[in-house]
Amino acid sequence: MRKRVIEANNIVLNYHIPCGLFKTEKLTAVNNISFEVYEGEMLSIIGFNGSGKTTMLSLISGILKPDKGSINVHGRIVPFLGLGIGFNPELSGKENVFLYGTIMGLPRKEIMRVYDDIVEFSELKKFMHLKIKEYSSGMYVRLGFSVAIHTHPDILIIDEVLAVGDYAFQQKCLNKIVQMKSDSKTILFVSHNMGLITRFSDRVILLNEGKLILEGEPETVVNKFMNMRKEMPIPEINRRGSGQIIYTEYGFKNDRDEFADNETALLILKYTNNSKIEKAIPGFALYSDTGQLITGPNLLDYEKRFLNPGKNGEIRIKIPMGFLNPGKYYISLGMYDKTNRFPYDHIEYAVNFTITGEIRDYSGPIKSNIEWETK
Amino acid sequence: MNVDVLIELVKSDLKSKYKNAFLGFLWIIFEPLLIMLILYLVFNRFIRFDMPYYPLYLLSGITVWRIFVNSTTGSLTSLQRNRDLVLKVRIKRILLPLSSVCSSVLTGIFEIVIYVLFFAIIKKSIHVEFLLTIPFLFVYSLCLAGISFILSIVYIYIRDIKPAWDVFVQALFFLCPIFYPLSLIPIKYITYYLLNPVAVFIIGFQNILYKGIMPDITVLINSLFFSIIVFIIGIMLFKFLENGMVKRI
C-alpha cells in the first residue's frame, strides 16, 4: 500500500473581485476538487491559463486556505512558485543565499552547512560577492533554484519555473528533479510543455474553469487537452497596413481547413493593387495554437525576387504539411513594401487549419523526418 | 527558524537602506542630528522656550518620535511591498510588519546611544537611570508592533489609510512634547493631552534620558498593560484578516 502524502477533499476557493464601491463579484477559482497524491509520485496539473492550476498549487502549499473542503499534507512541503522570491537586489549573492534560504524554511546553521553545495550547483562561484542587481536573469534563476533545491523537501511544488534560464541549466534542474523522484520525493508539476509532462509524470490532472475534468495516464489526459485546444475559439482577425495593396480573398483551395500530415496544401491569395505599386513582398507566418511562431517565409527571402503586382493578381503557395505535428495552426498574411518594413496589408490570424493524425511527439509543433536504425 | 527569517529580513532592510549611501551607516547619526539642528534653529530664534540644555531635550524627543514614525509608516506598506513573499512562499506573514518595526527600533537604539554620547559630552556626566531605557524601549516596541500589525493588514483592505496615516502622523507631532515643554499645556487640558499614548511614551523617555529620573511607577505599569493589550489585539486582528488578505493583495 503506497503512502498518501496529499489528500484534497472537495476543495472550493472563491475570489471576491471588487467592482464598484461596495459590491464584489464572486469568481470560483477552484470548484469542488478532490484528489490524492502518493509518495514518490509525480503528478502534473495541466489546463488553459486561468483554469486554476496556480491557485491549486497555492492551496496545497498552504499559502491560500480553501473556503470549503480540506487538504491534508504529510511531509515537508516546499513550493517553487517563483524562483528568487524575496531576493534583495541591493545585497550580494552570498547575502541573498542566506536571506532566501531562511525564507524557504532553512535554519541559518543548515544554510552554512550546505552553502558550498548551493554555490557549486548554481555554477556562480565567481559572482557570489556581486550584488544581485548585477546578475543576468539566467543567473538570478540559477541561484534561486540552487537554494530552493537544497531545502530538502519531501514534497516539491513546481510551477512553470523551469521555463526560464538557459537550456543547459534547465536540463540540470530536470535531472535533479528526476533524482529527487527516485529518492521517493513527491512532485507536483505545472507546465505548458506537454513533452515534459508526458515524459516525467506518473499521473496527470486536467483542470478547466476551476473544475477537474480528467485524471489519469499522462498520454490520455494530454491528448484530451490537445483536443480541447483545437476547439478553442479562433483569435479575432486583426488587420493593419496602408491599403495600397490589399488581399481580397484568401484561404486554402476549396476552402479546406483540415489536412492529413502527409498532404500538400495549396494556399491561394488574391490581391488588388490600388495605387500602381511596382514592387511588393508577399509572405505569411505560421503559428501553433499556443501562439508560437513556427515559420515566417516571404517571397524575397525564398526566391530573391519581388512581386510585380498588376491591377489584380493571385499568389499560390504550396505548403507540404509533413513538417507539422497534428494540432491546430494559424496563418497570418502580409504584403509588405520593397524594404519589407511597411505593410500594405497585414492580416493577423487570417486562416486557420488542423492537421490530423497520430501524435508521436508532444514536445512541440515540429515533426522531423528522422529515421531510426537500431541494432 | 522564524527568528532566523526575522533576522535576515531586518538585516536585508537595514543593509539596503544604508549600504549604498556614500556615508552609509553614518546617516543613523546625521539624520536625527540634522533634524534637531533645524528645530533648534527655528525654535531658539522665533519662539523661545526657556529650557536648560534645549538641544538635548529636542534630541531625546526626536529620537523617540522617529522610532514611532519609521516603524508605523514602514510597516504600513510592508505586506504590499512584499506581495511576492505573501503569495509565493510559506512564510509567517506577521514577520513582515514585525521586521519593519525591528529595524526601526534597532536604528532607534543606535540613535539613543548617540544621544547618550552627546549628553556625556555636553553635561560631562551620565545617569545610571539611563539603563531604564532598555525595558521601557521594549514596552514601547510591543506597542508599536501591535499598531503595525493592525496598520499593515488593514491597509490591504482599505488603501485610504496610507494618506490618512501620513496626515495623522503630521498632526500628532504637534500633540507631543517634542519641541515645547510639557508645562506649556494648560493644566485643565492635560488629562486629554495624555490620552495620546505616543506623548506618554515620549514623556517617559524624556524623564529617563533628559531629566535622568525614573518615570512614575503607575505610568510604567499602565504603559506595560496598554502595550500588551495593543500587541495582543494586533496579533488577533492580523490572524483574523490574514486569509482574506492573501486573496486581496
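**Labels and their cut-offs**

Modeller: Start with A:Glu123, found in the loop between α3 (108–122) and α4 (137–149) of chain A. Helices (H or I, at least four residues) and strands (E, at least two) are DSSP runs, numbered from the N terminus. This is a predicted model: local features need pLDDT of at least 70, side-chain atom pairs count only at pLDDT 80 or more, and totals for chains, interfaces and linings use all residues. Residues are numbered from 1 along each chain as its sequence is written, while chains are lettered from A and ligands numbered from 1 in the order in which they are written.

Biologist: Why is A:Glu123 called partly exposed?

Modeller: A residue is buried if 20 or more other C-beta atoms lie within 10 Å of its own, exposed if 12 or fewer, and partly exposed in between; C-beta atoms are placed from the backbone. A:Glu123 has 15 other C-beta atoms within 10 Å, so it is partly exposed.

Biologist: What is the phi of A:Glu123 near?

Modeller: Phi of A:Glu123 is near 60°, a positive value in a residue other than glycine. Most residues other than glycine have a negative phi.

Biologist: Is A:Lys276 buried or exposed?

Modeller: A:Lys276 has 9 other C-beta atoms within 10 Å, so it is exposed. A:Lys276 lies in the loop between β13 (264–273) and β14 (281–288) of chain A. Its phi is positive too, about 55°, although A:Lys276 is not a glycine.

Biologist: What share of chain A is buried?

Modeller: Buried residues make up 38% of the 375 residues in chain A. The secondary structure of chain A comes to eight helices and 18 strands.

Biologist: How do you know which strands are at the edge of the six-strand sheet?

Modeller: Two strands pair if DSSP finds at least two bridges between them. The open sheet has the order β5-β6-β7-β3-β8-β9 (chain A), with mixed pairing. β5 (77–80) and β9 (211–216) of chain A each pair on one side only, and that makes them the edge strands.

Biologist: What makes β6 and β7 of chain A a pair?

Modeller: Strand β6 (residues 155–159) and strand β7 (residues 186–190) of chain A share five bridges, in the parallel sense. A:Ile155 stands opposite A:Thr186 in β7(A).

Biologist: Which helix lies across β3, β8 and β9 of chain A?

Modeller: Helix α7 (residues 218–230) of chain A lies across them, at about 25° to β8(A). Axes are lines fitted to C-alpha atoms, for helices over the stretch in contact, and angles run from 0 to 180 degrees between N-to-C directions.

Biologist: How many residues of domain 1 are in contact with domain 2 in chain A?

Modeller: Two residues are in contact if their C-beta atoms, placed from the backbone, lie within 7 Å. Four residues of domain 1 are in contact with five residues of domain 2.

Biologist: How many residues of chain A are in contact with chain B?

Modeller: 22 residues of chain A are in contact with 19 residues of chain B. Helix α2 (residues 93–103) of chain A gives the largest share of the chain A side, four residues.

Biologist: What confidence does chain B get?

Modeller: Its mean pLDDT is 91, and 100% of its residues reach 70 or more. pLDDT is the predictor's confidence in each residue, from 0 to 100. The model scores ipTM 0.88 and pTM 0.82.
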